[in-house]
Amino acid sequence: MPLPAARTRGWATIKPGRLYYGGHIGAGGLHAHHAVQLLIGDDLILAGADGAEHAMTAALIPANAPHAIVRGSADALLALIDPAQAVPALDRPRTGSAAAWHLHLDVPARRDRPSLHALVTALTGATPPRPGHPALSEAAQIIEATLPAQVRLGDVATAVHLSPSRLSHLFTGEFGLPFRPYVLWARLRAALAVLSKGASLTEAAHTAGFADAAHLTRTVRRMMGAAPSALADGVRWLA
């Protein structure tokens, strides 16, 4: 989600398992989100790991898929969706080409939160779907409840009565995201939720279980293509 260096004229909101954003999205180099990403904007050009550029107005990008925004949009909508809530939307080719992410839908004229929420609901269902294996839903809840403390695969696997290797396989197979990146995505959501309320980087880092503000900053840059300051200062956060 690369943001321009100048103060952004956009809005954002954090919901359970989701981050919604509307406004300017600039060009940015190759990066990957640990979440499923819905991106809508006029005249977007995206590139995947293969470097091939593709124009589209709507894209659904799987979790952990490297992508670059070659040309952004001044009036875009973006949603980052927890893989645990996006199971129906995950049935897409996982390739290095942006061509596989093209999404056919009626792009809303209004680029506001209700329009984005309606689109996400249409893709995922009104009620967040349950993964195929019931242990995954329980594991996701345990991860949320454990933060900001350290989350260990072995502890979570024991709690859901699976072996660590089996639970790890389920995360990758059903969510398209290994266990540790999933935990990191949960920490990032927790940190952004605190930042949205005006907390400092240090406070947000400690609340979410990052080692320090520098660790949080590196994570945000790697996963979202922008510094935390761009999200904290350049976005109007909605309740």
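Hi everyone, let's start at a turn: Gly17 takes a positive phi near 80 degrees in the hairpin of E1 and E2, where two residues sit between the strands. Please keep in mind that this is a predicted model.

How many of the eight residues of E2 are buried? Seven are, so to speak, tucked away, and strand E2, residues 18–25, is mostly covered.

Let's move on to the helices. Ser115 lies in helix H1, which runs over residues 113–124. Is Ser115 buried or exposed? Ser115 is buried, because its relative accessible area is 16% and the cut-off for buried is under 20%. Beyond its neighbours within four places in sequence, Ser115 is in contact with Pro108 and Arg110.

My last stop is Val151, in the loop between helix H2 (134–146) and helix H3 (153–159). Although Val151 sits in a loop, Val151 counts as buried, at 12% relative accessibility. Which residues are in contact with Val151, leaving aside its neighbours within four places in sequence? They are Ile143, Thr146, Val156, Phe179, Val183 and Arg187. And from Val151 to Leu184, 33 residues apart in sequence, the C-alpha to C-alpha distance is 9.8 Å.

Definitions and conventions. Residues are numbered from 1 along each chain as its sequence is written. This is a predicted model: local features need pLDDT of at least 70, side-chain atom pairs count only at pLDDT 80 or more; totals for chains, interfaces and linings use all residues. Side-chain values use heavy atoms; hydrogens and water are left out. Buried means under 20% relative accessible area, exposed over 50%, partly exposed in between (1.4 Å probe, protein chains only). Helices (H or I, at least four residues) and strands (E, at least two) are DSSP runs, numbered from the N terminus. Two strands pair if DSSP finds at least two bridges between them. Contact means heavy atoms within 4.5 Å.
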